[in-house]
Structure formats: C-alpha cells, structure tokens
Amino acid sequence: MKALYPVNQNSNNSIAPGIGRYTEDVFDGFDVDSLGNPWFLINHGYAELAYSVASQWCAAGQITLTSKTPAALNWILQGGLVGISVSGNVLPSGISGGLQSCQANPTFFNNVISSLAQAGDAHLRRVKLHLPSINGPPGDTVGSISEEFNRQTGLMQGAIELTWSHASFLTMSFQRTVAGKVQCACN
C-alpha cells in the first residue's frame, strides 16, 4: 500500500505508510465510485499487533519457531511492518525449528523485540501526521479521529469521530502500555 497512496511519499523506517482496507477499495468515505484511502484503525491495528507480539515474546523470553517463523522474523527485522521491501536474509545462521531464546542469542532476540516496538511507534507517527494539531470546526479538533485520511492531502475524511477509530486507538494504547511494562527475560 506504500506506493498506492501519494500521502505515503514520506514513509521510511520511522514513519510507516498509511494502510487502507485493500488495494481495489473504491470507498473514499463518501462515495463508492472513487478511490479508497488509508484508515486510521488499520494503522492502529498494525501498531497494536507489533506491541502485542513484542510483549508476548519478551515475557516468554523466547520465540517459538515453526517452518514459517524464520521468514516472518526476516521480514520484521528488515522493516516489512513499516513498508520496507525485504530482500535477502538477515537472520543469523542456526535459526530454524524449535525455540529461539533470548538466553541463547540475546542480540538477535533484542533486535527482533526492538524492531517490533519501532514498527509500532512508526505506525503511531503516521497516524499523528494526519490528526488535527489545532482546533478547527467540529470533527476537526484536537482529539478527533475520523474514518480515514485522504490519499492525496492527508486530511481526515469520511465518518467524523468514528467510534471504531477511537476504539482501535484505545486498544492499541493499552497494548503499548503493556509492552512498555514487560521486562524482557534476558534484560
């Protein structure tokens, strides 16, 4: 979705791209014969997922490896959660089935946890870019979160004060708080 929305031109490791519902979306918050936009709640969801996984792995002190985990870890470490194209393998040798504990490889383990936390924060930065910083008309005030933000301008549009957007912010914030309180087993 990074290339789909012009508003994502400033995406990088510290600012995740705006994420929409799906690439063929034709609902722009007003009409169904237009082009879709990034949604606040989807960026909140990506951030919540990153914080949740980081806190669970950190609390456990290990990552359970399946046949698909190495590819996912490689994707996380290379910035896939923030829209960076993944190429090659950055995993240390010996990452395969079983468990990857922080005790066995603390540098690798801490890099994964750090990458997840940074990805969550990058999605928050994306959201913050599109929220009002000064009070405007109703629905465009500090603390407002609409349904989506315009793919071109980045301004909020669609349903004003969408409860779902606010709820996704709250659940993401809760998970971020939980992740911040977890003490990694290898620290």
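Student: Which way is the crossing of helix 2 and helix 3, left-handed or right-handed?
Tutor: Helix 2 and helix 3 cross in a left-handed way (the near helix is turned anticlockwise from the far one by less than a right angle). Helices here are DSSP runs of H or I, at least four residues, numbered from the N terminus.

Student: Which residues make that contact?
Tutor: Helix 2 brings Leu73, Ile76 and Leu77, and helix 3 brings Phe108, Asn111, Val112, Ser115 and Leu116 (contact means heavy atoms within 4.5 Å). By class that is 6 nonpolar, 2 polar and no charged residues. Ala, Val, Leu, Ile, Met, Phe, Trp, Tyr, Cys and Pro count as nonpolar, Asp, Glu, Lys and Arg as charged, and the others, Gly among them, as polar.

Student: What kind of model is this?
Tutor: It is predicted, so local features need pLDDT of at least 70 and side-chain atom pairs 80 or more, while totals for chains, interfaces and linings use all residues. Residues are numbered from 1 along each chain as its sequence is written, and side-chain values use heavy atoms, without hydrogens or water.

Student: Back to helix 2 and helix 3. At what angle do they cross?
Tutor: Roughly 60 degrees, with their axes coming within 9 Å. Axes are lines fitted to C-alpha atoms over the stretch in contact, and angles run from 0 to 180 degrees between N-to-C directions.

Student: How do helix 1 and helix 3 pack?
Tutor: Their axes are 8 Å apart, at an angle of about 160 degrees. Helix 1 and helix 3 are therefore roughly antiparallel (over 145 degrees; under 35 is roughly parallel, 65 to 115 roughly perpendicular, the rest oblique). Their crossing is left-handed.

Student: Which residues meet there?
Tutor: Among them, Phe40, Ala47, Tyr51 and Trp57 from helix 1, and Phe109, Ile113, Leu116 and Leu124 from helix 3. The contact of helix 1 with helix 3 has 17 nonpolar, 4 polar and 2 charged residues.

Student: And helix 1 with helix 4, at what angle?
Tutor: Helix 1 (residues 40–60) and helix 4 (residues 163–181) pack at about 20 degrees, with their axes 8 Å apart. That makes helix 1 roughly parallel to helix 4. The contact of helix 1 with helix 4 counts 9 nonpolar, 7 polar and 2 charged residues. Helix 1 passes helix 4 in a left-handed crossing.

Student: New topic. How much space is in the largest pocket?
Tutor: About 180 Å³. A pocket is an open set of points on a 1 Å grid where a 1.4 Å probe fits, with protein on both sides within 12 Å along at least five of seven lines, and lining residues have an atom within 4 Å of a point. Volume is the space filled by probe spheres on the points, joined across faces, edges and corners.

Student: Which residues lie nearest its centre?
Tutor: Gly139, Asp140, Leu155, Met156 and Gln157, out of 14 lining residues. The lining of the largest pocket has 6 nonpolar, 6 polar and 2 charged residues.

Student: What about the second largest pocket, what is its volume?
Tutor: About 160 Å³. Its lining includes Asn13, Ile76, Leu77, Ser115 and Ala119. Helix 3 gives the largest share of that lining, 3 residues.

Terms used: Helices (H or I, at least four residues) and strands (E, at least two) are DSSP runs, numbered from the N terminus.
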